[in-house]
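This briefing covers helix packing, a strand sheet and ring contacts. Please have the sequence and the model open while reading.

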Amino acid sequence: MKILITGGAGYIGSHACVELLNAGYEIVIVDNLSNSKPEVLNRVRQLTGKDFKFYPANLLDITTLDAIFSENQIDAVIHFAGLKSVGESVTLPLWYYNNNITGTLRLCEVMKKYGVKKIVFSSSATVYGIPESVPISEECSLGATNPYGRTKQMIEEIFRDLNVSDPEWSVALLRYFNPIGAHNSGRIGEDPNGIPNNLLPYISQVAVGKQNELKVFGNDYPTKDGTGVRDYLHVVDLAIGHIRALEKVLRSTGVEAYNLGTGIGYSVLEMIDAFEKVSGRKIPYRIIERRPGDIGICYANPLKAKNELDWAAVKGIEEMCEDLWRWQSNNPNGYDTEVLVSAKIL
Ligand code: NAD
Ligand code: UFG
């Protein structure tokens, strides 16, 4: 079984590639490395002892996309490739709409041409916007509040329309909550460009001295300690969720959305505390005003994924923080710590 992984060099994609290879799938990766480094591919090969083809290409490049499908007998696609910064999407909406939506349209065109109609798509909890209530279930109304989120919501609609036009399409829309942590080898993990936007990468950079202090965005939310509450899940649990979703799309047709989260919410202060305990490092922090656009509480009802995909997150926050700390302390400069060996292109 050969699976095309778009965005396979990225944070979540690389962890999914390890799990897929370990589970016996053959993979082909396409990634333009706009937010990732080729070194990650070497590490995926080292961790799994398996090889795969890598195409350093943009999804917008339909000629290369076509070549990927003509050169490989692809059975299904896992589609991670996309730009993902909320703030950047507000400043550069056309770039986001073009990259995420046009990229997906080109991918679907080529899939259609080659009769490949099975796909697992990286959506996001951000499609729920300001949640009506928590825990959030898949039936809750959608209302993304920024261009990035709207690309995810629009792509979900595109897949639903595609399935109406041709019921053989089989699509899993995976709405991730907050993935954190790293592979427990400490060899692959999240390597954000510049100053991290997200909480855990920021905390771990404070712990290794790359940032001076954490700024906590508001302590006046209606939550247990006033700070924002999120549903953090281990990236390896999330990666395994893709295998369960892949198995589902391979055996069925239709379009289904699934929340991938733990169902448990932790506050910013609880995450600081958990990280301090496992790392033994003090995380200095300062409370500042709320970050514009943030919501107070967001956590999943993950029962649909349990019932229909037989998937549930099993790793707790201690393990998430331990694995993040191992990755960050072994690789304080991310994938730049070693001399880069250019990725092997078969
Ligand atoms: P990432 O940036 O680490 O990985 C995305 C990969 O896609 C990168 O390697 C990038 O180079 C590649 N890419 C982007 N545009 C491309 C294009 N046009 N052609 C080819 N490659 C392209 O991000 P991630 O955290 O691994 O996220 C993966 C997916 O999950 C994204 O679609 C993201 O929107 C979604 N998601 C992420 C989170 C999160 O918190 N990390 C939460 C919800 C949803
Ligand atoms: N926070 C801080 N200080 C920081 C960073 C974050 O206090 O330096 C707080 C936020 O205010 C929030 C919590 O930590 O309460 C989590 O913030 P993140 O930025 O880590 O995550 P978000 O839930 O805001 O957003 C993330 C992704 C979105 C995605 C969403 C749901 O950035 O793209 O999860 O999956 F849509």
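Helix H6 (residues 147-165) lies across E5, E6 and E11 and runs at about 155° to E5. Contact means heavy atoms within 4.5 Å; helices (H or I, at least four residues) and strands (E, at least two) are DSSP runs numbered from the N terminus. Angles run from 0 to 180 degrees between N-to-C directions, with axes fitted to C-alpha atoms, for helices over the stretch in contact. This is a predicted model, in which local features need pLDDT of at least 70 and side-chain atom pairs count only at pLDDT 80 or more, while totals for chains, interfaces and linings use all residues. Residues are numbered from 1 along each chain, and side-chain values use heavy atoms, without hydrogens and water.

**Sheet**
- Seven strands form an open parallel sheet in the order E3-E2-E1-E4-E5-E6-E11; strands pair if DSSP finds at least two bridges between them.
- Strand E3 (53-55) and strand E11 (254-260) are the edge strands, each pairing on one side only.
- Three bridges join E4 (residues 76-79) to E5 (residues 118-124), and Ile78 stands opposite Val120 in E5.

**Rings**
- The structure holds five aromatic pairs (ring centres within 6.5 Å; planes under 30 degrees apart are stacked, over 60 edge-to-face, the rest tilted; Trp by its six-membered ring).
- The Trp95 and Tyr96 ring centres are 5.8 Å apart with planes at 85°, so the pair is edge-to-face.
- Arg290 lies over the face of Tyr221, at 4.0 Å from the ring centre (CZ of Arg or NZ of Lys within 6 Å of the centre and within 35 degrees of the ring normal).

Conventions
Chains lettered and ligands numbered in written order.
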